[in-house]
Amino acid sequence: MDRVRDLASKKAAVIFTKSSCCMCYSIKTLFYELGASPAIHELDHDPSGRDMEWALRGLGCDPSVPAVFIGGRFVGSAKDVISLHVDGSLKQMLIDAKAIWF
Amino acid sequence: MRRKQQKECGALIPNFKLPTHYAVFNSAKASGQAVSPDCNHIGTLDKTPTSFAINRSATQVESRLPLEKVQQTNLVSISSGYTENWGESNMADASPKTDISTDADTDEKSQRSDRGKLNAVVASDSSDRSKGSLDQKTLRRLAQNREAARKSRLRKKAYVQQLESSRLKLTQLEQELQRARQQGIFISSAGDQSHAMGGNGAMAFDVEYARWLEEQNRLINELRTGVNSHAGDAELRIIVDSVLVHYDEIFRLKSNAAKADVFHLLSGMWKTPAERCFLWLGGFRSSELLKLLVSQLEPLTEQQLVGISNLQQSSQQAEDALSQGMEALQQSLSETLSTGSLGSSGSSGNVANYMGQMAMAMGKLGTLEGFIRQADNLRQQTLQQMHRILTTRQSARALLAIHDYFSRLRALSSLWLARPRE
């Protein structure tokens, strides 16, 4: 959990993924489309990946990846991100966290 | 490998009949060579001399592992260096030598016998003289055994092929029956109707969808009456809310159906042909819908225009992101199925590879459900957001417009299907 929090606070937009996960690819694409450059952490290539995945599940992220953090705060999984994007909140959160400028 | 896994793997090997509306992967992109859904293809393969091909199809539902061993037990001496091939693309050319020449002096090439040579094995008495270690009687007996085994495999293969085509016919009939039922034609069924429906996820969903459409028509008519009679906002809001709640219902039904049969949803076979034209991840494209609506919703305030425009852009972006994820999935699946089809080392390594590949491919297919779910989530959120931006009356008109649009597409489908043909 500490590692998750630690990594999540290092950049305005942070996404935890797995290299084989295609939904993660979709969410990454969305962020790039919005002009953000999120930090990507692949759990399957991290030595403490299992613990991190467990921690993410503990936060209520289901499936565990993709797990999105903006401004150090847990935003949610793919479903949450898409919902927030549709109602305009995602963009605002990114602006507030200074991940994007407009 | 456990029996169940074997069965599943067996179901995934080349002879497995994929549903015909398996549109997502039914493209040149997929390594179509390796997986042939057509039984007839196996028929052409059968023309290769080897019992390898026959053995495969005959044992498709059973264990995949000891294939090679089965060959070995049937045959006496194995030619020294035959190629292990799992991919059907290899079938046409050099097939593994399962026809045994007892002549140890013959080189590998002549051991690639065709059917004609199989008969020659029986008459291999002449070559026997040069060998001398096995007597004539034994040779003849072995040849007869081989012949009998081969005939048995052919019979089994023919039987399995028959079963396959019967199964396909049965599925087609079931679908026809269900369609006819939907149209209200009374057809008495042998078993309990609800049981028959429940057993099949695709059919069950089709029925549920038909019911949903009926209810949708009813609600929309109510809404239309309300709008035309200039009903008050409060009254309209109730009906509008009920329509939106009803939309939630179809998304819930689709979510359940995705668990049961994701490919049915992806195929769009539950929709009419013209609707299928515009299919995106098992449903409509929200961004397109909004484009259609904007002109019909005027006059809109400045704020509303901005809101709708942003909504259009957001849904478009989300659609693009999901589409790209799907493409990545397709590519990944192709790669999984196409790597390492030719093994260099021993047989067990290749079988393990094959199983591993299939297991990975299975995992990837499992993620399709997630994509459909997110696509539906996007549709649902877009409708909700649209409702938030618009006034009650505008929402009512928007919902009417959406319904009318899809109704026309459905009517178009009916006309198309009924069109006179030469």
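How much area do chain B and chain A bury between them, and what share of it lies on carbon and sulfur atoms? In this predicted model, the two chains bury about 1,600 Å² between them, and 67% of that area is on carbon and sulfur atoms. On the side of chain B, Gln317(B), Ala321(B) and Gln374(B) together supply 28% of the area buried against chain A, more than any other three residues.

In terms of contacts, 16 residues of chain A meet 20 residues of chain B. The side of chain B that touches chain A draws at least two residues from each of α15 (302–338) and α17 (368–389). The most is given by α15(B), with 11 residues. By residue class, this side of chain B comprises 11 polar, 8 nonpolar and 1 charged residue.

Specific interactions across the interface were also counted. Between chain B and chain A, 5 residue pairs are in polar contact, with both residues at pLDDT 80 or more. The number of salt bridges found across the interface of the two chains is 0.

Chain A itself has 102 residues, of which 50% count as buried. Its secondary structure consists of 5 helices and 4 strands, arranged along the sequence as α-β-α-β-α-β-β-α-α. Among contacts within chain A between residues at least 6 apart in sequence, 60% join residues at least 24 apart.

Methods
Residues are numbered from 1 along each chain as its sequence is written. Chains are lettered from A and ligands numbered from 1 in the order in which they are written. This is a predicted model: local features need pLDDT of at least 70, side-chain atom pairs count only at pLDDT 80 or more; totals for chains, interfaces and linings use all residues. Side-chain values use heavy atoms; hydrogens and water are left out. Contact means heavy atoms within 4.5 Å. Buried area is the accessible area (1.4 Å probe) that two parts lose on being put together, summed over both. A salt bridge is a side-chain nitrogen of Lys or Arg within 4 Å of a carboxyl oxygen of Asp or Glu. A polar contact is a pair of N or O atoms within 3.5 Å; within protein, one must be able to donate a hydrogen and the other to accept it, and residues adjacent in sequence count only if both atoms are side-chain atoms. Ala, Val, Leu, Ile, Met, Phe, Trp, Tyr, Cys and Pro count as nonpolar, Asp, Glu, Lys and Arg as charged, and the others, Gly among them, as polar. Buried means under 20% relative accessible area, exposed over 50%, partly exposed in between (1.4 Å probe, protein chains only).
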